[in-house]
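Trainee: Before I build anything on a model like this one, I would like to learn how its features should be read. Could you take me through them one at a time?

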Amino acid sequence: MVSSRHKIKITINLKRIVWPTISISLISFFIAMLAVGWLTRGRVSRVALDEPNARSLHATAVPRTGGIGLLLGIAAGWAVIGPHLPLAFWAALALLIAVSLLDDLRGLSAAARLAVHLAAAALAAVSLMGAGESPLLLALAVLTIGWMCNLYNFMDGSDGLAGGMAVCGFLVYATAAWFAGSAQFALLNLTVAAAAAGFLLYNFHPARIFLGDTGSVPLGFLAAAFGIIGWMQRDWTWWFPLLVFSPFIVDASVTLARRLLSGARVWEAHRDHYYQRLVQLGLGHRGTALAEYALMVVCGLVALWAMTLAPDAQALVFAGAGALYVAAILLIERAWRRRDRQNA
């Protein structure tokens, strides 16, 4: 347990490392690729199917067990690394995986899922920051982790989108951690990106398999938890994870706020996310994924560049990114209203 903002001990037993860093990443990539490929074939592919409905963007039933293969890839890489993180962190992650798998196989209510997400978030926040941390910071961390678990799930609705965000986001995390001198932490992030790349081979349009809650919820958890770890270790400042994962954070948060204001049932599935609107506006799954990838890369590179600037300049960069998002949202809203008028 960590009670002050200092390096969390994430170490590698060098005697267990047979191959260099790139080989560990390849282990995660190939294990995920092979596992996800197996999950797309035969009877196992029909264990949990995502059936299309009025709110779906896909027309045929697709397996939603890809998250299992991705997690196997991550686990394979981490087994070689041997990270030392608080036991409560692993308990929180295991709880999320177990409940998400149950939801994929049998279905759970939104209230039950949210309760588990918040419980796991609280467990992780206290284990990483320490019970002696400011109650306000702990509460903010719990809400951040819980929201990231859910928003990553919300954003997993178009071919290649969530997998691409994982590849880009965790790769940027790994780069920042490496330059900050946290080589072991960098490797943890790199294995997540590598496993996500192995999954993405089967998830890019036309997708043969989806992440499901088993994959999307833990990815959101890791994005938030690793963001907090990097901040605690002073590998990056507080805004860095927000900018890196802003393509997902902005879309999901603005969409939720818009639906709340309109009186919609926010716990129900829908097609109101901006990435979903881009698909429906004619950009399609492939075009939307490529456009989002470009945005993810730009956000990651800008975040890395801004870390080299003075604090005042960093604030200007962060504010500028916000202004550009506002402009993009207004453009999509305008195109959407034009589409509605044409279809009326």
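**Reading the salt bridges**

Mentor: Arg113 and Asp103 form a salt bridge in which the closest N and O atoms are 3.7 Å apart. Arg113 belongs to helix H4 (residues 110–129) and Asp103 to helix H3 (residues 87–105), so this pair ties together parts that are ten residues apart in sequence. A word on the source: this is a predicted model, in which local features need pLDDT of at least 70 and side-chain atom pairs count only at pLDDT 80 or more, while totals for chains, interfaces and linings use all residues. Residues are numbered from 1 along each chain as its sequence is written, and side-chain values use heavy atoms, with hydrogens and water left out.

Trainee: What is the rule behind a salt bridge, and how many salt bridges does the count come to?

Mentor: In general, side chains of opposite charge can pair when their charged atoms come close. The rule applied here asks for a side-chain nitrogen of Lys or Arg within 4 Å of a carboxyl oxygen of Asp or Glu, and by it the count comes to six salt bridges.

Trainee: Is Asp103 buried or exposed?

Mentor: Asp103 counts as buried because its relative accessibility is 11%, where buried means under 20% relative accessible area, exposed means over 50%, and partly exposed lies in between (1.4 Å probe, protein chains only).

Trainee: Which residues are linked in a network of salt bridges?

Mentor: The network links Arg258, Arg277 and Glu333. Within it, Glu333 forms a salt bridge with Arg258, and the closest N and O atoms are 3.8 Å apart. Glu333 lies in helix H12 (residues 311–343) and Arg258 in helix H10 (residues 246–262), so the pair ties together parts that are 75 residues apart in sequence. Glu333 is buried, with a relative accessible area of 14%, whereas Arg258 is partly exposed at 21%. Another salt bridge joins the side chains of Asp340 and Arg339 (3.8 Å, N to O); Asp340 is partly exposed at 39% relative accessibility, and Arg339 is partly exposed as well, at 25%.

Trainee: How should I read the packing of H1 and H7, and at what angle do they pack?

Mentor: Two packed helices are described by the angle between their axes and the distance between the axes. Helix H1 (residues 21–39) and helix H7 (residues 183–203) pack at an angle of about 35 degrees, with their axes 7 Å apart; the axes are lines fitted to C-alpha atoms over the stretch in contact, and angles run from 0 to 180 degrees between N-to-C directions. The residues of this contact divide into 13 nonpolar, six polar and no charged. In that division Ala, Val, Leu, Ile, Met, Phe, Trp, Tyr, Cys and Pro count as nonpolar, Asp, Glu, Lys and Arg as charged, and the others, Gly among them, as polar.

Trainee: How many disulfides does a search of the whole structure find?

Mentor: The search finds zero disulfides, a disulfide being a pair of cysteine sulfur atoms within 2.5 Å. For Cys168, the closest cysteine sulfur is that of Cys299, 8.2 Å away, which is too far for a bond. Cys168 is buried, with a relative accessible area of 13%, and Cys149 is buried at 0% relative accessibility.

Note on methods: Helices (H or I, at least four residues) and strands (E, at least two) are DSSP runs, numbered from the N terminus.
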